[in-house]
Amino acid sequence: MAAAMSLAVLLLLLVGPGCWGHAEHPRDSLREELVITPLPSGDVAATFQFRTRWDSDLQREGDTDHYFLRYAVLPREVVCTENLTPWKKLLPCSSKAGLSVLLKADRLFHTSYHSQAVHIRPICRNAQCTSISWELRQTLSVVFDAFITGQGKKDWSLFRMFSRTLTEACPLASQSLVYVDITGFSQDNGTLEVSPAPSSTYQDVILGTWKTYAVYDLFDTAMINNSRSLNIQLKWKRPPDTAEALPVPFLHAQRYVSGYGLQKGELSTLLYNSHPYRAFPVLLLDAVPWYLRLYVHTLTITSKGKENKPSYIHYQPAQDRQQPHLLEMLIQLPANSVTKVSIQFERALLKWTEYTPDPNHGFYVSPSVLSALVPSVVAAKPVDWEGSPLFNTLFPVSDGSSYFVRLYTEPLLVNLPTPDFSMPYNVICLTCTVVAVCYGSFYNLLTRTFHIEEPKSGGLAKRLANLIRRARGVPPL
Amino acid sequence: MGLLSDPVRRRAIARFILRLNTPLCVLSYVAGIAWFLALVFPPLTQRTYMSENAMGSTMVEEQFVGGDRARNFARDFAAHRRKSGSLPVAWLERSMRSVGLEVYTQSFYRKLPFPDETHERYMVSGTNVYGILRAPRAASTESLVLTVPCGPDSTNSQAVGLLLALAAHFRGQIYWAKDIIFLVTEHDLLGTEAWLEAYHDINVTGIQSSPLQGRAGAIQAAVALELSSDVVTSLDVTVEGLNGQLPNLDLLNLFQTFCQKGGLLCTLQGKASGRPHGPHGLFLRYRVEALTLRGINSFRQYKYDLVAVGKALEGMFRKLNHLLERLHQSFFFYLLPALSRFVSIGLYMPAAGFLLLVLGLKALELWMQLHEAGGNPEEAGKAPGPGSPPLAPQGVGLASLMAPLLISQAMGLALYVLPVLGQHIAAQHFPVAEAEAVVLTLLAIYVAGLALPHNTHRVVSSQVPDRGWMALKLVALIYLALQLGCIALTNFSLGFLLAATMVPAAALTKPHGPRPLYAALLVVTSPAVTLLGSLFLWRELQEVPLSLAEGWQLFLTALAQGVLEHYTYGALLFPILALGLYPCWLLFWNVLFWK
């Protein structure tokens, strides 16, 4: 999937203990890993994960108070190295050793997809949860595009991707691993060749399917000492055919604004369930800014041409300038279907000073969030979270028959009615004057009745003249 | 306003207007025409300049070199097209995927209200193919569109080739901040309309189409390309869209900049018909600034190859990519005497204003005459009080005007509704095809309207005949002035053309004097005859003069096209003529034959 998706810089602060990880672990531990996944399109995805844990003297105070739970989103963030530098500084080895030497900004920003995240949460140190540790998890995912980075070539290596190779593990880390997804490229099939030979392989159920990974351990001295550096290479024996349509995931979504003109519009979200026979529920969360006034009665949910009634709706109306609309729904997606959720809105007229400096750019509407338990193709066994790789916990499995996915749709850009800001002061003054003068006098003219009266006595001059005339004895004017 | 509330001065003004009415009218009309003609001269035209900051100072370096690639694509496309007889959808999908785009198709179906004889189509079904180039690390909130329409008569193979070559070149660059949609539509504008409606998820014209699978946010600008030869001598740009809507002037400036930079010869076309002159015209409704570039291959010596055209397009797209906001800085209302010169709305509107002033002056004169004639004998010399209702005291109640007004409006409604509604009945009873039936019914109703005065007179029993026609003409004048004012504001060319032709006849019409002369004048300046006349003039300007029979045929097809465009794209010319101007014109006809 070469599709570039939104960069979501998301700071997730989960208040409350994690539901797993009760085991005792060393203090200030760092685990780092890199997962390289060749994609069917010939592109390659790389995901870094760094997990740091440290003990804290903070005591747990009862259960999580949901009153303090907050959700905020910044729909647009321009990607640049300024996002990366402070993020790198949080790593124990910074970018001096270990996997983080690969984090070179000029290569990471030549990618077609970039996603960076920081998660911080308290976790219980024992089963009774009397003391807690803090866990800082940093992830960075990039997708290297064969057309841009690879100049059309679909063979990849660490050097080609990051213009660096791995030389040593971070001395502070307890674990430092590189995984390469070799599912479907097994030896008998022989479409993909990975060199050097991995130290071991790892198999697990990820996203509902069996995956095989080649594992490279940086603490394995044989791995690095042979050549002083580790440059993992991926060679296609038979390059993937790009002219074919690519496989799609079971759950994906699309969001857009429909309609034209600056008065009304419609927010539509398309939810695709491409699973051939399993229906599953999705929790859809929408936070819409107040200046799009939602018409809640127009909320329609249709799948396969029929109305689909959500089993749960929570709606919190917006307050102008204070709080956005919040709409949360639990929708059942029938198997192999497209569900359309649409709601109409009216564009509000903002106050003069409330417009952004670039009002004609439009206003962003944050993405809707989909949370779902997607059915697996193969049943997963219960996992020991501490023992399994970090990337495993990105898609936690609840009961083995499904896995959890959270999707963010694309943000939207909506134009609001915008006044001409080129010379507002002149325009306002001029129009007000013209309207006042015209309106005043026309109103005057239309509502008054006029009676013509001959002037009884003239002006001062005439009266003076008459006075003189009377004095002279001449008849007055 | 003291001027108007002072009875003495008002009387003076009234007397002045009454006495000098005819010279004032003539003067105003001449001034309007002269002003319009003067618009070509420098003090009234300004040089165009780039207003948009984001596109102004930064220069881009074009690196497109895929001329051979474009030609190969074009050759393949033409071959596949010949083989399949329609748009080679599978081939297009494959080629777009091979250059690295996300490809989607959209099928659509449209049954036209009646058979379109010029394009030989009635039930149209087709497929649009589009590929999206996703901007790296962006969230797909904004996009640009490059579209090539493929129709039965315009193959545009070279344009498709260039589109694919450009897509391949663009795909390898990392600087894109907006997604780029490469769209190839079938059946010319019908496909474009279907795609646009599906993209915005609305249904304006009753077209049926499959929903779009891929979208790329709000479209910021679009360029349509039409090329049918490997080399071009010039690029022709069309700006006028549906209902005379124009794209922001900055888009045109951008095109002109790259014409100058690449040394391309660029020309400009414009007409006043309110129909879209290229697929870009349909984009304007959705507030997407768009224009159409058409490659012309004439007998000129200097020719440019596809690389030159491709470079100009690359430059335009790179600059549009820089845009931070929608194009809004420059003019939306302008006239273009040349590509590098423009007339802004403030300068061209007086021309229409002067023409409409004639109607105003005439209306004022009639108003005063009505009051003078109806007033008391001792007040006859004085102007009427402003507060008194216009017609009631004179005995020409509005009631007596209702009959002609209603009848002519009903006639207009019939003109609008009946031809398409009754096409099957007409086709059954007369030996004509549906399309002919529509046009002939149209003409029949139009001409039948001329018989109206004789019918309305039976309804109207006016005891004061003179005042009757004056009141009717007063209403008609104001009605006409309002309509023309509105048209001139939105589509100046059309509004001015109609005003220039209709105003003199409307002002002159009265039931006395040389009636046959007035009648002839009125018929000559009726909207339909204006259309016929402009067709002849247009062909004369193209140096392909028409014979009378050809002209008639062309006239009939133009009528059919006008009606079709209303139904297929939502062009407003036909309803304006049928529901607005034609009834108004009938009122004048009524005035002329008032007894």
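When I say contact today, I mean heavy atoms within 4.5 Å of each other. Keep that in mind, and also that this is a predicted model.

Let me start with helix 6 of chain B. Val89(B), Trp91(B), Leu92(B), Ser95(B), Met96(B) and Arg97(B) are its buried residues. So what covers them? The cover includes two helices of chain B, helix 5 (67-84) and helix 7 (157-171). It also includes three strands of that chain: strand 2 (102-116), strand 3 (121-133) and strand 5 (179-186).

Okay, on to the interface. On the chain B side, 40 residues are in contact, and they meet 43 residues of chain A. The buried area between the two chains comes to about 3400 Å², and carbon and sulfur atoms give 59% of that. As for polar pairings, there are 14 residue pairs in polar contact across this interface, both partners at pLDDT 80 or more. Which elements of chain B supply at least two residues each to the side that touches chain A? They are helix 1 (2-5), helix 6 (89-98) and strand 7 (218-226). Our helix 6 gives the largest share, 3 residues. By class, that side of chain B has 15 nonpolar, 12 polar and 13 charged residues.

The rule also finds 2 salt bridges between chain B and chain A. One to look up on your screen is Lys340(A) with Asp201(B), at 2.6 Å from N to O.

Now the inside. In soluble globular proteins, nonpolar side chains tend to be buried together. Here the largest nonpolar core has 104 residues, and Trp195(B), Leu480(B) and Leu484(B) have the most contacts inside it. Helix 22 of chain B, residues 573-592, gives the most to this core, with 12 residues. What does Trp195(B) touch, once we set aside neighbours within four places in sequence? Among its contacts are Tyr130(B), Val145(B), Ile181(B), Leu183(B), Leu212(B), Ile219(B) and Phe283(B). Gln106(B) and Asn128(B) are on that list too. There's also a second, separate core of 71 residues, which includes Val129(B), Leu133(B), Leu163(B) and Trp176(B).

A few backbone spots next. In chain A, the peptide bond from Ser195(A) to Pro196(A) is cis, with omega near -5°. Pro196(A) sits in the loop between strand 8 (192-195) and strand 9 (200-206).

Lys304(A) has a phi of about 50°, and Asp188(B) has one near 50°. Where are they? Lys304(A) is in the loop between strand 15 (292-303) and strand 16 (306-307) of chain A, while Asp188(B) belongs to helix 8 of chain B, residues 188-199. Buried or exposed? Lys304(A) has 55% relative accessibility, so it counts as exposed. Asp188(B) is at 13%, so that residue is buried.

Last one: Thr45(B), in the loop between helix 3 (21-38) and strand 1 (46-47) of chain B. The relative accessibility of Thr45(B) is 3%, so this threonine counts as buried. Not counting residues up to four places away in sequence, Thr45(B) touches Leu39(B), Val40(B), Pro337(B), Arg341(B), Phe342(B) and Val343(B).

That's my tour, thanks.

Terms used: Residues numbered from 1 in each chain as written. Chains lettered and ligands numbered in written order. Predicted model: local features only at pLDDT ≥ 70, side-chain atom pairs only at ≥ 80, totals over all residues. Heavy atoms only, no water. Buried area = accessible area lost by both parts, 1.4 Å probe. Salt bridge = Lys/Arg side-chain N within 4 Å of Asp/Glu carboxyl O. Polar contact = N/O pair within 3.5 Å; in protein donor to acceptor, adjacent residues only side chain to side chain. Helix = DSSP H or I, 4+ residues; strand = E, 2+ residues; numbered from the N terminus. Nonpolar A, V, L, I, M, F, W, Y, C, P; charged D, E, K, R; others polar. Core = buried A, V, L, I, M, F, W, Y, C linked by side-chain atoms within 4.5 Å. Buried < 20%, exposed > 50% of the residue type's maximum accessible area, 1.4 Å probe, protein only.
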